Amino acid sequence: MNIIGRRKIWYAISLIIIIPGTISLLVNGLRLGIDFTGGTLMEVQGRADAATVRQLTDRLDIKDVTVIASGSDRSLIRFRDESKPKQQEAHHQILKRELSAKGLDEIRYEAVGPTVSRDLTRNALVSIAVVSVAIVLYIAFAFRNVPPPLSSYSFGFMAIAALLHDALLLLGIFSLLGAFFGVEIDVLFVTAILTVIGFSVHDTIVVFDRIRENLRRERKPFEDIVNQSIIETLARSLNTSVTVLLTLLALYLFGGQSIKQFVLALLIGIAAGTYSSIFNASPLLVTWNNWRAKRAG
């Protein structure tokens, strides 16, 4: 199996999947949930009619109202109530009573203030930046004795490239889901991103470690050693990932509605991480090495 020889095909597949989501990310961004923007979320049992809900909220001077179907028989009502806390609670009780009279019983009611939301947004960005730097440093240290032709930092940066591929793909797909289906991201989405990053790097390091071992005992061209290392770890990578994906699929199908989007993010991210660790991270090492050799003449 010549995975490295066909690396341009794998790069093209990644680009075909990533580009639509990236365009959506630039044009539409992500649809942020109340964890990030602040506001109120009410979940009710039954299908809520958007026009009916807006008639109720207009009477209470509640703004930015969106009504989204959640699952087969639930609805999410998101809005911003800028009145004082005591008045907000009064509005909540009125909404609850009026919706209940229409057969829509309240299941969940959450309010998040804008100060908390700003903290969450900042902490999410800082967490991802710190994790990325720590991964480069850790891999550079762990691979400090790797034989030529590449330095240990090359392995670290290619792991980050694969990681960015997974994160960008996940963000792009959720941008499209937000634009076309009103799917919002919450703080659990950040947890999913960090989990995917950890899984992706773990899978990539397994292949990198085999490349290091083979570089010490084989006397072949670098390209052949990388291809051999991928094939030797292929079954392990696929078996591990398929086991995790089957568990997540069961959770997605039979788990609660509240964790459905979190599990979906993990499903997409871990599938992308498995692909990138096999078809992107190690081939990028070969591309980088060839580029350096060509440049050196």
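**Rings, a helix face and a surface patch**

Trainee: In which helix do Trp288 and Trp291 both lie?

Mentor: Trp288 and Trp291 are three residues apart, about one turn of the helix. Helices are DSSP runs of H or I with at least four residues, strands are runs of E with at least two, and both are numbered from the N terminus. Please keep in mind that this is a predicted model, where local features need pLDDT of at least 70, side-chain atom pairs count only at pLDDT 80 or more, and totals for chains, interfaces and linings use all residues. The element that holds both residues is helix 9 (residues 260–296).

Trainee: How many helices and strands has the protein chain?

Mentor: Residues are numbered from 1 along each chain as its sequence is written, and side-chain values use heavy atoms, with hydrogens and water left out. From the N terminus on, the elements run α-α-β-α-β-β-α-β-α-α-α-α-α. The count is nine helices and four strands.

Trainee: Which residues of helix 3 (residues 50–59) are buried?

Mentor: Buried means under 20% relative accessible area, exposed over 50%, and partly exposed in between (1.4 Å probe, protein chains only). In helix 3, the buried residues are Val53, Leu56 and Thr57.

Trainee: How many aromatic pairs does a search of the whole structure find?

Mentor: Rings of Phe, Tyr and Trp (its six-membered ring) pair if their centres lie within 6.5 Å; planes under 30 degrees apart count as stacked, over 60 as edge-to-face and the rest as tilted. The search of the whole structure gives five.

Trainee: What kind of pair do Phe155 and Phe208 make?

Mentor: The pair links distant parts of the chain, with Phe155 in helix 6 and Phe208 in helix 7 (residues 187–217), 53 residues apart. Both Phe155 and Phe208 are buried. Their ring centres are 5.2 Å apart and their planes stand at 85 degrees, so the pair is edge-to-face.

Trainee: And what kind of pair do Trp288 and Trp291 make?

Mentor: Trp288 is partly exposed at 32% relative accessibility, and Trp291 is partly exposed at 43%. Their ring centres lie 5.3 Å apart and their planes are at 15 degrees, so the pair is stacked.

Trainee: Which residues form a nonpolar patch on the surface?

Mentor: Patches take residues with over 30% relative accessible area and no salt bridge, joining like charges within 9 Å and nonpolar side chains (Val, Leu, Ile, Met, Phe, Trp, Tyr) within 5 Å. A salt bridge is a side-chain nitrogen of Lys or Arg within 4 Å of a carboxyl oxygen of Asp or Glu. Together the patch residues have about 540 Å² of accessible area, by the Shrake-Rupley method with a 1.4 Å probe, where for residues only the protein chains shown count as cover. The members are Leu15, Ile19, Ile23, Leu26 and Val27.
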